[in-house]
Amino acid sequence: MRLDADVIVVGAGFTGLAAARALVDRGVSVIVLEARAEVGGRVRSFMTSDGVRRDAGGQFLCDDMPEVMALVRAARIETVETRWRGAAKTVSTTASRRVPQHENTLFARMSSADPADPALSGLSIADWLDAQEATDEAKRQFLSMVHGLWCLPAEVIPFWYLVDSDRRNTAEISELQYFLKDSAAALADSMADDLGPSLSLATPVSSIRREADHVVVTTDDREVTARHVLVAVPPVRAREIVQHPPLPAPLAHALGGWRSGAVIKILLRYPRRTWPPAVSSGLSWDDVSGLYAFDVSQDETHAGFVVFIGGPLALDWRARGEAFIVQTVRERMAAVLGPQAPEPLELILHDWTDDRWSGGGYSDVIVDPEAHDAEALLQAGVGRVTFASSELSPSFPTYIEGAIVAGRLAAARLADRLVADGTAHNDAMALPR
Ligand SMILES: Cc1cc2nc3c(=O)[nH]c(=O)nc-3n(C[C@H](O)[C@H](O)[C@H](O)COP(=O)(O)OP(=O)(O)OC[C@H]3O[C@@H](n4cnc5c(N)ncnc54)[C@H](O)[C@@H]3O)c2cc1C
């Protein structure tokens, strides 16, 4: 039977793009099917009125992330160094003493915990925090980090999952070291360049049928066939794709154990930078949990902040409406930046909470406390169907770097199988019309 390609990659986020490129490099033919009209997934861009391309989603990276930095250098994309100096300044609304994060021993206690420790099994982050000897301020700061980064309430996230994910983030320098002058989406675009007609945009996949020696993938208007399919979408979106025959129970269970969070990202663009350096190293607020702001000025005249609202706070504020969020963020930033700061020229909000194709947070999160093997089960897949996404990466899960690593590892496993079967071929592939 003549198949359309060796491998169909579903999703053109960084996982799918990295996988597709790695497969092509190994002589494997691919077709990439992407639901949106653009590549990049949780990395998206928009233009501000000064004609600059900015990040709506994933943005920051650092020298400790080797794969993404190598791609940035190869694509000759200019980086901008941030003014982050190791810690966000807490904006106080009370008289209590602020604890610098490096003095907050809860972070070190979390890092030294063993995710396989039976004593931790069944504990949520909130349970673990309750049991810790620490000041209220230290616990508040820890909780704010959980809400800001994991974008879900601490009550629903197993503590072992937090520890396990944190261990795989091995950056010694801040992950907020750089952003790309032309947006992270420019890097995704450059990765898609080589794919040519193998990439089909605005092509959501609705179902996958597994046959003995091939797979049939169904989109809105056609069926595409290949030896294998790599589902390079986050777990919560992956489980929406109908599988024929149904997935084996353990795998279906593994997919069911994840939840998407809530995050809103807002850009405030200013005519010039007038604020002191201390403010540029990031801000958090002590009266709310999961609210952060970072200086993303490119230079003195392309000045700006991004504000992140994560977890329960994002849900609470979006329930009050966009006008409330805009007004609140505007007032809080004005209070911090001081009377000499000009009014923002633009304030642009991206609410990822109900994002149709990628879910609501930086990443999907395991919420089933028993789902210790969920990632391994997804990576193994079933038959000719395997799964990959940033969430499943052995290094930097939930980051762009993790997506690249996860995509390449999945591609290497698939290419090995195809070579072993003697079935790989290297024709340029175009989607059948
Ligand atoms: C607001 C925000 C800020 C972030 N900040 C950072 C940061 O500063 N630094 C960092 O490293 N990371 C950051 N991240 C995380 C980072 O963006 C992600 O970890 C990474 O982009 C995930 O890549 P992925 O390919 O695994 O998934 P995705 O990017 O979600 O890609 C999956 C792709 O699959 C497509 N898709 C889904 N379902 C289907 C279907 N049925 N058929 C066809 N296609 C489908 C989607 O449209 C999408 O393009 C941030 C994320 C967000 C949302």
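Where is the place of Arg-209? Arg-209 sits in strand S9, residues 205-210. The model is predicted.

**Around Arg-209**

Arg-209 has 17 other C-beta atoms within 10 Å, so this residue is partly exposed. A residue would need 20 or more to be buried. Leaving aside residues up to four places away in sequence, Arg-209 touches Val-215, Val-216 and His-244. There is also a pairing across the chain: Arg-209 and Val-385 are 176 residues apart in sequence, and their C-alpha atoms are separated by 9.3 Å.

**The nonpolar core**

The largest nonpolar core has 131 residues. Ile-8, Ala-19, Leu-23 and Leu-230 have the most contacts inside this core. Helix H14, residues 400-421, gives the largest share, 11 residues. Leu-23 touches Ala-411, Leu-414 and Ala-415, among others. The contacts of Leu-23 also include Val-7, Val-28 and Val-30, again not counting residues up to four places away in sequence.

**Helices H1 and H7**

Helix H1 packs against helix H7 at an angle of about 30 degrees, with the axes 9 Å apart. Angles under 35 degrees count as roughly parallel, and H1 and H7 are therefore roughly parallel to each other. Their crossing is left-handed. The table gives the residues that make the contact.

| Helix | Residue range | Contact residues |
|---|---|---|
| H1 | residues 14-25 | Phe-14, Leu-17, Arg-21 |
| H7 | residues 184-193 | Ala-188, Met-191, Ala-192 |

By class, the contact of H1 with H7 has five nonpolar residues, one charged residue and no polar residues.

Terms used
Residues numbered from 1 in each chain as written. Predicted model: local features only at pLDDT ≥ 70, side-chain atom pairs only at ≥ 80, totals over all residues. Core = buried A, V, L, I, M, F, W, Y, C linked by C-beta atoms within 7 Å. Buried ≥ 20, exposed ≤ 12 C-beta atoms within 10 Å, placed from the backbone. Helix = DSSP H or I, 4+ residues; strand = E, 2+ residues; numbered from the N terminus. Contact = placed C-beta atoms within 7 Å. Axes fitted to C-alpha atoms, helices over the stretch in contact; angles between N-to-C directions. Parallel < 35°, antiparallel > 145°, perpendicular 65-115°, else oblique. Left-handed = near helix turned anticlockwise from the far one by under 90°. Nonpolar A, V, L, I, M, F, W, Y, C, P; charged D, E, K, R; others polar.
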